[in-house]
Each structure stands twice: as structure tokens, then as C-alpha cells.
Amino acid sequence: MLKIYGVPISVHTRKVIVTAIEKKLPYENEPVIPFNPPAGWEELSPTGKIPVVADGDRVLRDSSVICAYLERVHPDHPIYPRETGDYVQALWMEEYADGTVFREVVHGLFFQKIIRPSILKQTAVATILNDALPKVFGYLERVAGGEYLAGGRFGIADIATVSNLINFHYLGYQIEARRFPKLAAYFARQLRNPAIETALRAERPVAAGMGLDQTFLREFSTG
């Protein structure tokens with residue numbers, strides 16, 4: 001059984017959890033918080049980051065490495081397309097979600113509103129919402145016209161992207177449907193994906209304990 005270390009509301013930990021669910025792999029989640037890790041954490045995670053996965057004696061770090069490993073070892077229920085063009089697009093969208101969407105929008109908002117709310121810098125939040133978000137969500141709007149982002153089926157591009165959008169909504173924000181209609185519709189569809197629904201049900205107690213906004217789950221009628 002896989003052991004996934006990392007708090008499940010983490011964008012990158014959720015990415016691995018959803019991948020495991022989609023591939024129908026049994027797993028156990030150890031909700032490690034990077035700011036308060038357990039003893040010996042540096043041996044499992046030299047960078048201090050989550051997630052880390054233990055698969056027997058093999059220890060894996062970084063969500064993209066982990067997902068690629070799971071695809072290679074458990075090829076059933078693939079999350080990466082086979083056709084070269086679709087495969088490259090999936091890798092690009094995974095990188096865009098993990099890098100640009102996370103760094104420029106979600107991480108900054110999460111840090112300001114959750115990690116250090118006592119020193120919340122409204123100027124930093126406004127900069128993200130007014131400057132970074134339109135550019136980042138504008139790109140997602142342009143590529144979100146189909147049901148899925150790559151290969152014509154649910155896969156890593158969707159998992160990585162939707163995980164970021166979930167945390168965006170946890171912070172009390174919403175995708176403006178009038179401004180980004182295709183992205184808003186895409187997100188609503190993906191929330192009804194069985195693997196996403198299963199992951200969200202499992203993490204609800206953690207989200208509630210952190211005071212995260214879960215009203216969007218009722219709006220989209222997940223699980």
C-alpha cells in the first residue's frame with residue numbers, strides 16, 4: 001500500500017491522492033504539515049516539502065515524479081496520454097499548474113490568508129488578484145474549451161489544474177463566470193469527477209479544521 005505523506009488540502013499532495021484514486025491504488029495518508037513536521041522528516045524529504053510517498057522500501061519525492069512513477073509502475077487507468085502531441089500537452093499543463101498557477105496565484109493567496117493572517121498584506125493580495133490572476137486564468141480560459149485539457153480524457157493535466165482551483169475556492173474566491181466562462185464551466189464539470197469527489201470527501205475534516213470555505217462544494221453538489 002502506498003503511504004502518502006502530506007496534508008491532503010495541499011495542492012500537490014491532493015494531486016498524488018487523486019492520481020492514486022483514479023488508478024484504483026490503495027493508499028494511506030499521513031497528514032504531514034511542512035511547517036510542523038514530525039521527527040526525522042528531513043530523512044524522508046530533503047527539501048522539507050510535501051508530498052512524499054513510500055511504496056514499500058522506495059521513497060519518492062515531488063508530485064510530478066510521484067505521478068510519473070505511479071503511471072510507469074501501474075499503467076492501468078492511465079493519467080498520461082499515449083499520443084505524443086497529447087502527452088506533451090499534458091506535461092505542459094501539469095507544469096503550468098504546478099508552477100505558474102500555484103506560484104503566481106494560489107500559493108500567495110493561501111500564504112497571506114491562511115498561513116500568516118495576522119500580518120495579512122492587502123497590497124500583496126490585490127497585486128495577485130489584479131495583476132497575476134487575469135493573466136494566469138486568461139490562459140486557462142483559452143485552453144479550457146474542451147471537456148478535458150489533454151488527450152480527450154481525464155488525466156494529469158486536469159488533476160494538477162483542478163487541485164489549484166480547489167484551493168483558490170477554499171480561500172473564499174470564485175472563478176468569475178462572466179469573465180472566464182469556459183474555465184468556470186470546466187471547473188464545475190471536473191468537481192463531479194469521481195476521483196476528485198472521493199478526494200474532497202476525505203479531506204473535508206482537514207478543510208473544516210482550518211476554517212476553509214467549502215460552500216463551493218455545496219454549490220456544485222459534490223458527494
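Glu71 and Lys23 form a salt bridge (a side-chain nitrogen of Lys or Arg within 4 Å of a carboxyl oxygen of Asp or Glu), with the closest N and O atoms 2.7 Å apart. Glu71 lies in helix α3 and Lys23 in the loop between α1 and β2 (27-30), so the pair ties together parts that are 48 residues apart in sequence. Both Glu71 and Lys23 are buried, that is, under 20% relative accessible area, where exposed is over 50% and partly exposed lies in between (1.4 Å probe, protein chains only). The model is predicted: local features need pLDDT of at least 70, side-chain atom pairs count only at pLDDT 80 or more, and totals for chains, interfaces and linings use all residues. Residues are numbered from 1 along each chain as its sequence is written, and side-chain values use heavy atoms, with hydrogens and water left out.

The whole structure contains five salt bridges. Between Glu203 and Arg14 the N to O distance is 2.9 Å. Glu203 belongs to helix α8 (residues 194-209) and Arg14 to helix α1, so this contact ties together parts that are 189 residues apart in sequence; helices are DSSP runs (H or I, at least four residues) and strands likewise (E, at least two), numbered from the N terminus. Glu203 and Arg14 are both buried. A further salt bridge joins Glu176 to Arg179 at 3.4 Å, N to O. Glu176 is partly exposed, at 45% relative accessible area, and Arg179 is also partly exposed, at 42%. Lys15, Glu94 and Asp98 are linked in a salt-bridge network.
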